[in-house]
Amino acid sequence: MTELGDYLRSCRAKVSAEAAGLPSTGHRRVPGLRREELAMLAGVSVDYIVRLEQGRAKTASPEILQALAQALDLRPDEQEYLFRCAADAKGPAARASPAPPDAQRVSTATRVLLDSMTAVPALVLGRRMDIIGWNTLGAALFTDFSVLAPQHRNHIRLAFLDQRVRSLYRDWETVAKECVAYLRMDAGRYPQDPALARLVGELSMKDEDFRHWWSTHRVRAQRSGRKHFLHPTAGELSLDFQVLDVRGTTDQTLLVYTAEPNSRSAQALAFLSGWTRTTREEPAARLTSHLQGS
């Protein structure tokens, strides 16, 4: 079996005959399209679908992949993953990207930008959704990343294994499923990344939900959306997030959270910002007072 075969079977299982415009006849042992139905919709032979799913077909033309994507009604990010899986099936020479190096660094300019963003929480994410940079409000929203071991500064690992971060999400299950889909998308880009393999192995071993959701092969590119938080200091927050590419870098994105103007969440975010400044300024004020009195 191959990742391409597993992914095709997973996508096929998610599409009903009715949704594909086909009559639903006969008892179906498994959900979704039958192989012969997918073959008919894509204009290929049933034997070819079987060989693809079993890993016996090492090549698939862009035209066939596009026909499969259309038949399975794949989103653009899902199509991208399908094409990457197909390239990976051809062998190392055809892979879109090699295994990346471990070093991930935030440039001075990006760090200055982060520090200047005082009114919004912001994080810099690298491969595998590693958290490689953050501003003060970003740490206040999630956790003090500076006290974590570098290998534990991972957005997905924290969402599953850190109870403080996990409890922040009002709808943790929805967020967690999305996280798994984002990580699966990253796996399509770098299938030979040993750090990603270690992360998936750890999460699969320690969390049954992750293990199940990983096996569904759902993929998604992270770009924008809304998250609902239950913060221990600021209370309820509904924040919109945007993921922006950091130009001039490889696999670095800026994750920014904002609140609707004049909303309850905007007030809560402003309170969290003020509370964060106060907690940072108090130790400095005590130190100044001590020095002046000595």
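What follows is a chat about cysteines and salt bridges in a predicted model.

Biologist: How many disulfides does the search of the whole structure find?
Modeller: The search finds zero disulfides, a disulfide being a pair of cysteine sulfur atoms within 2.5 Å. Local features here need pLDDT of at least 70 and side-chain atom pairs count only at pLDDT 80 or more, while totals for chains, interfaces and linings use all residues. Residues are numbered from 1 along each chain as its sequence is written, and side-chain values use heavy atoms, with hydrogens and water left out.

Biologist: Is C85 buried or exposed?
Modeller: C85 is buried at 5% relative accessibility, where buried means under 20% relative accessible area, exposed over 50%, and partly exposed in between (1.4 Å probe, protein chains only).

Biologist: Switching topic, how many salt bridges are found?
Modeller: The whole structure has 24 salt bridges, each a side-chain nitrogen of Lys or Arg within 4 Å of a carboxyl oxygen of Asp or Glu. One of them joins E178 and R220 at 2.5 Å, N to O.

Biologist: Where do E178 and R220 lie?
Modeller: E178 lies in helix α10 (residues 172-189) and R220 in the loop between α12 (208-215) and β3 (224-231), so the pair ties together parts that are 42 residues apart in sequence. Helices (H or I, at least four residues) and strands (E, at least two) are DSSP runs, numbered from the N terminus. E178 is buried at 11%, whereas R220 is partly exposed at 30%.

Biologist: Which residues are linked in a network of salt bridges?
Modeller: E80, R84, D186 and R189 are linked in that way.
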